[in-house]
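Visitor: I would like to learn how to read a protein model step by step. Could you take me through this one?

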Amino acid sequence: MSGSHTDGGRHAVVVGAGIAGLAAAHRLLEHGARVTVLEASERVGGKLLPGEIAGARVDLGAESLLARRPEAVGLARAVGMADRLQPPATASAALWTRGALRPMPKGHVMGVPGTAAALAGVLSDEGLARIGRDAELPPTEIGDDVAIGAYVAERLGREVVDRLVEPLLGGVYAGDAYRISMRSAVPQLFEAARAHATLTEAVRAVQERTAAAQQAGPVFTGVAGGVGTLPLAVADSLRSHGVRVLTGTPVTELRRDPDDGWRLVAGGEVLHADAVVVAVPAPAAAGLLRAEAPGAAAELSAVEYASMALITLAYRRDEARLPEGSGFLVPPVDGRTIKAATFTSRKWGWIAEENPDLAVVRTSVGRHGETEILHRDDDELVELSRHDLKAATGLDAQPVAARVTRWDDGLPQYPVGHHARVARVREHLAGLSGLAVCGAAYDGVGVPACIASAYAAADQVQGDLRGVQELTAHPVQSLHGGAGE
């Protein structure tokens, strides 16, 4: 890494050591800054969390990276992880809907089909026929933003939303498709829909553009040892270049320094910085910004979050007969408890190689506004997951180990108007030189989006606004990395 810090360099402080904060620190170091990272919790990594079950290394948070964007793969390579990047061993997933596991359809953009034939086998005959009426409807005025569920239902019928758009978007945001912003969540389709008379034409235009780009290689990749090892490697690299990465050090105050720059109080210590990047979730960011940017704080206080839980189960391989593929998604309309299942040791070859006698399966529960399920204790969540897995796949073996990982307020929601809210936050901060924000609450919830946001923030506090302007114009679409992401 270029730009190891010297005592004479500008001092930049990054608040938060999730992947966004660590990426911002990495970028600031390349700019030649002297960097300090402050993290309130006792570990780095945020929503990326490595763990183990029955001796097997697994991810207990996000488990895959979008490989068609350069940011996450590039950062992994920059910190010496190139040889550990591995695509999924299988990318074929299923939908558990209408009482059966059905192959995941192809030929759609986040569940929105270009033709009725793309969803054959998943939708009823009536649902398929309804898609065909899109060509007969007058154009729909989208305006500045629209809820993707409401818009797709109006053009193609509710069944498309309920059976496919909802589970795919739910896998990314744990949210409600009828509230989620089309502009922020599926920006390519939003732009295409404004330029075409029908939605199916817009989908086909996006597909043609994607095909013309001829992006080779897998859409997603994982990391041998777990995606959760990425932030650990970034933090190690930062420390090796002289960066202070302090955990257990909550920032309790952020104020303009009367002389110049910024003054922070963290863990009883007062720090002075030329630049500050705030890389914490929206509620914590609101608290820090309230004194100097009350308008931005008010906007961030209004950002809603969804909670979820991941249930990781380990079985003896010879007792766990599973269907082919990487797992399945579950539409909420089917009334099941789990919303997805990943056949983890089948999806990631490195897990199977390291643990030939184990089969690891992961399920997820919880969506925005669906809090009752998360009040159940761990044992009950395990039993509910086992019940649904048996109904879907026939798997009835006793697991040799089980782990429940709860992500309270883990996923920011992107309702209609999210894009405008983020723009207002940045407008409120525009007059405060040397201050920027980044993370999942702004331009996309996936790992590459968080890193892109971090790089833009690091550049912004150096006076370069191009990255922020690009993200404002083109948010990063966060795709679903197969079943159970």
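Guide: Let us begin with contacts along the chain: in this predicted model, residues 24 or more positions apart account for 73% of the contacts with a separation of 6 or more.

Visitor: How many helices and strands does the protein have?

Guide: The secondary structure comes to 17 helices and 22 strands.

Visitor: What radius of gyration does the protein have, and what would a compact globule have?

Guide: A compact globule with 485 residues would have a radius of gyration near 23 Å, and the protein, at 22 Å, agrees with that value. Taken along the principal axes, the box filled by the C-alpha atoms is roughly 70 × 55 × 45 Å.

Visitor: What pLDDT does the protein average, and where is the pLDDT below 50?

Guide: The average pLDDT is 93, and 96% of the residues score at least 70. Over residues 1-7, however, the pLDDT is below 50, although this stretch has 21 contacts in the model beyond near neighbours in sequence.

Visitor: How should I read the backbone angle phi?

Guide: The general idea is that most residues other than glycine have a negative phi. In this structure, Met-110 has a positive phi of about 50° although it is not a glycine, and Asp-409 likewise has a positive phi of about 50° without being a glycine.

Visitor: Where are Met-110 and Asp-409 found, and is each one buried or partly exposed?

Guide: Met-110 has its place in the loop between strand E9 (108-109) and strand E10 (112-113), and Met-110 counts as buried because its relative accessibility is 7%, under the 20% cut-off. Asp-409 is found in strand E21, which covers residues 401-412, and with a relative accessible area of 48% Asp-409 is partly exposed.

Visitor: Which helix holds Arg-155, and which residues are in contact with Arg-155?

Guide: Arg-155 lies in helix H4, residues 148-156, and is buried, with a relative accessible area of 0%. Leaving aside neighbours within four places in sequence, the residues in contact with Arg-155 include Arg-130, Asp-134, Leu-137, Pro-138 and Pro-139, and also Thr-140, Ala-197, Thr-198 and Leu-199.

Terms used:
Residues are numbered from 1 along each chain as its sequence is written. This is a predicted model: local features need pLDDT of at least 70, side-chain atom pairs count only at pLDDT 80 or more; totals for chains, interfaces and linings use all residues. Side-chain values use heavy atoms; hydrogens and water are left out. Helices (H or I, at least four residues) and strands (E, at least two) are DSSP runs, numbered from the N terminus. The radius of gyration is taken over C-alpha atoms; the globule rule is 2.2 Å times the number of residues to the power 0.38. Contact means heavy atoms within 4.5 Å. pLDDT is the predictor's confidence in each residue, from 0 to 100. Buried means under 20% relative accessible area, exposed over 50%, partly exposed in between (1.4 Å probe, protein chains only).
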